[in-house]
Amino acid sequence: MLEKFYNWMMKQAESKNALGVLCFVSFIESSFFPLPPDPVLAVVVAKNSHRSMFYAIACTLASVLGGFLGYFIGYACFESLGLYILDWFNITPAKFEEIVLNMGRDTWAFWIICAKGLTPIPFKIVTIASGFAKVNLLVFFIASLITRTTRFIVLSIICKKFGNQVLSFIEKHKKIALLSIIAIVISGFLLLKLFV
């Protein structure tokens with residue numbers, strides 16, 4: 001299923017629907033979807049290097065808005081939807097409780113959101129935990145905006161500079177590219193289990 005969605009994503013990234021797909025994937029990734037928007041952003045920027053910052057900002061805003069959906073899931077729908085998402089991603093109640101306890105103070109929550117948003121650790125777990133811990137919404141918004149902006153602008157700068165190489169690699173090695181994305185997702189969950 002992931003391979004089919006990945007192939008669809010990458011095909012759409014090269015089409016006239018690129019912006020919509022980029023924003024859609026960025027939005028759902030912050031609340032429940034496993035694949036990150038980075039490969040879509042990479043292709044879109046590589047093909048449209050003159051608008052790299054526009055796409056980075058669009059990706060950021062969609063991700064932050066999606067983060068609010070994750071926050072809402074943790075805040076208001078945890079018993080139904082939140083628990084289902086955690087179970088699907090194999091996050092134990094004890095591990096989730098540990099994340100929530102670390103977010104108990106807004107100062108800590110700010111730095112946790114900033115740090116985790118830059119790593120392969122799934123951002124959706126951070127957003128759901130923020131809602132469950134009732135992190136101050138302004139703190140949540142600012143931290144999410146900082147971390148997502150940094151991540152996507154840095155990626156856009158790299159892809160703008162090495163656009164042809166990025167496209168060539170993805171085109172020639174689609175399976176490797178998919179496996180790399182899956183490896184990043186898995187490493188994020190391993191980091192979550194080991195160090196959070």
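Helices here are DSSP runs of H or I with at least four residues, numbered from the N terminus. Keep in mind that this is a predicted model, where local features need pLDDT of at least 70, side-chain atom pairs count only at pLDDT 80 or more, and totals for chains, interfaces and linings use all residues. Residues are numbered from 1 along each chain as its sequence is written, and side-chain values use heavy atoms, with hydrogens and water left out.

Start by selecting residues 137-161, which is helix α9, and pick out S144 inside that stretch. S144 has 0% relative accessibility, so it counts as buried (under 20% relative accessible area, with a 1.4 Å probe and protein chains only). Now show F140: its backbone oxygen sits 2.8 Å from a polar atom of the S144 side chain. Beyond neighbours within four places in sequence, S144 is in contact with V64, I113, F123 and T149 (contact means heavy atoms within 4.5 Å).

Next, stay in α9 and click T147. T147 is buried too, at a relative accessible area of 1%. Bring up C114, whose backbone oxygen is 2.8 Å from a polar atom of the T147 side chain. Then try T60: 87 residues away along the chain, its C-alpha atom is 9.1 Å from that of T147.

Where do α8 and α9 meet? Look for F123, T127 and S130 in α8 against F140, S144, T147 and R148 in α9.

Note on methods. Helix = DSSP H or I, 4+ residues; strand = E, 2+ residues; numbered from the N terminus. Buried < 20%, exposed > 50% of the residue type's maximum accessible area, 1.4 Å probe, protein only. Polar contact = N/O pair within 3.5 Å; in protein donor to acceptor, adjacent residues only side chain to side chain.
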